[in-house]
Amino acid sequence: MAYWITAGIVAIALLIWAYNALARMRNVVRNAWSDIDVQLKRRADLIPNIVETTKGYSGFERDTLEAVVRARTEAESGSHSPSERARKEDQLGQRVTQIIAVAEKYPELKASAQFLRLQEELAITENNIASARRYYNAATRDLNTMLDSFPLGWIGALFRFRKEEFFSVDTPDERESPSAKMN
């Protein structure tokens, strides 16, 4: 009889430990996703300033500016899965890169203190996004590994824990981070 009581206590303790470990890791993933969201919002907030700064220079390509504004709107609309959000954010990053590239044709814009400051803020934000992505993906990997292992996988299934999706890009072109450098 004492054997069964001891085995039951050990099983309950294992169940509690496993549930808490999975819940803790799920919260780490959620927090990491929130960090990405903050950085993406910061980048999105910089874009109107970049657009307004470049708009002031006569002849600046209106199509480029409109494409950036459309990409920003798409990236911020609704809630997306991490992979869908990554795809939309990478498209936005490519559009912002186009503004920077087009700005090369405008020496007055390249010399603008405000434009240079915005470029620097954008570069810092892009680095922060990359760092937040790495952390989120590491946390996601750890949670998914826990859910793939025994006995955590069984306990996770019992309590309906689910694997998380990585925040990654799908095409080689999208894997290049936008550059905000001026020559």
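1. Are phenylalanine 150 and tryptophan 154 buried or exposed? Both are exposed, where exposed means over 50% relative accessible area, buried under 20% and partly exposed in between, with a 1.4 Å probe and protein chains only. Note that this is a predicted model, in which local features need pLDDT of at least 70 and side-chain atom pairs count only at pLDDT 80 or more, while totals for chains, interfaces and linings use all residues. Residues are numbered from 1 along each chain as its sequence is written, and side-chain values use heavy atoms, with hydrogens and water left out.

2. Aromatic pairs. The structure holds 6 aromatic pairs. Rings of Phe, Tyr and Trp (for Trp, the six-membered ring) pair if their centres lie within 6.5 Å; planes under 30 degrees apart count as stacked, over 60 as edge-to-face and the rest as tilted. Phenylalanine 150 and tryptophan 154 form an edge-to-face pair, with 4.6 Å centre to centre and 90 degrees between the planes. Tyrosine 3 and tryptophan 4 are also edge-to-face, at 5.3 Å centre to centre and 75 degrees between the planes. Both tyrosine 3 and tryptophan 4 are exposed. Elsewhere, ring pairs link Tyr19, Phe159 and Phe161 into a cluster.

3. The peptide bond that joins phenylalanine 150 and proline 151 is cis, with omega about 0 degrees. Proline 151 is found in the loop between H5 and helix H6 (152-158); helices (H or I, at least four residues) and strands (E, at least two) are DSSP runs, numbered from the N terminus. Why remark on such a bond? Because most peptide bonds are trans, just as most residues other than glycine have a negative phi.

4. Arginine 160 is not a glycine, yet has a positive phi of about 60 degrees. Arginine 160 sits in the loop between H6 and helix H7 (172-175). Its relative accessibility is 72%, so arginine 160 counts as exposed.

5. Packing of H2 on H3. Helix H2 (residues 62-76) and helix H3 (residues 82-103) pack at an angle of about 160 degrees, and their axes are 9 Å apart. Axes are lines fitted to C-alpha atoms, for helices over the stretch in contact, and angles run from 0 to 180 degrees between N-to-C directions. H2 is therefore roughly antiparallel to H3 (angles under 35 degrees count as roughly parallel, over 145 as roughly antiparallel, 65 to 115 as roughly perpendicular and the rest as oblique). H2 passes H3 in a left-handed crossing, meaning that the near helix is turned anticlockwise from the far one by less than a right angle; clockwise would be right-handed.

6. Residues between H2 and H3. Contact means heavy atoms within 4.5 Å. On the H2 side the residues include Leu65, Val68 and Arg72, and on the H3 side they include Lys88, Leu92 and Ile99. The residues of this contact of H2 with H3 divide into 9 nonpolar, 3 polar and 6 charged. Here Ala, Val, Leu, Ile, Met, Phe, Trp, Tyr, Cys and Pro count as nonpolar, Asp, Glu, Lys and Arg as charged, and the others, Gly among them, as polar.

7. Packing of H3 on H5. The axes of H3 and helix H5 (residues 113-148) come within 13 Å and cross at roughly 155 degrees. H3 and H5 are therefore roughly antiparallel to each other, and their crossing is left-handed. Among the contact residues are Pro82, Val96 and Ile100 of H3 and Phe115, Leu122 and Tyr136 of H5. The contact of H3 with H5 divides into 8 nonpolar, 1 polar and 2 charged residues.

8. Glutamine 39 is in helix H1 (residues 2-55) and is buried, because its relative accessible area is 16%. Leaving aside neighbours within four places in sequence, glutamine 39 is in contact with Thr125, Asn128 and Ile129. Isoleucine 36 is also placed in helix H1; its relative accessibility is 1%, so isoleucine 36 counts as buried. With neighbours within four places in sequence again left aside, isoleucine 36 is in contact with Ala132, Arg133, Tyr136 and Phe167.

9. Tyrosine 135. Tyrosine 135 lies in helix H5 and counts as partly exposed, because its relative accessibility is 43%. Not counting residues up to four places away in sequence, tyrosine 135 touches Val28 and Ala32. Tyrosine 135 and valine 29 are 106 residues apart in sequence and 8.8 Å apart in space, C-alpha to C-alpha.
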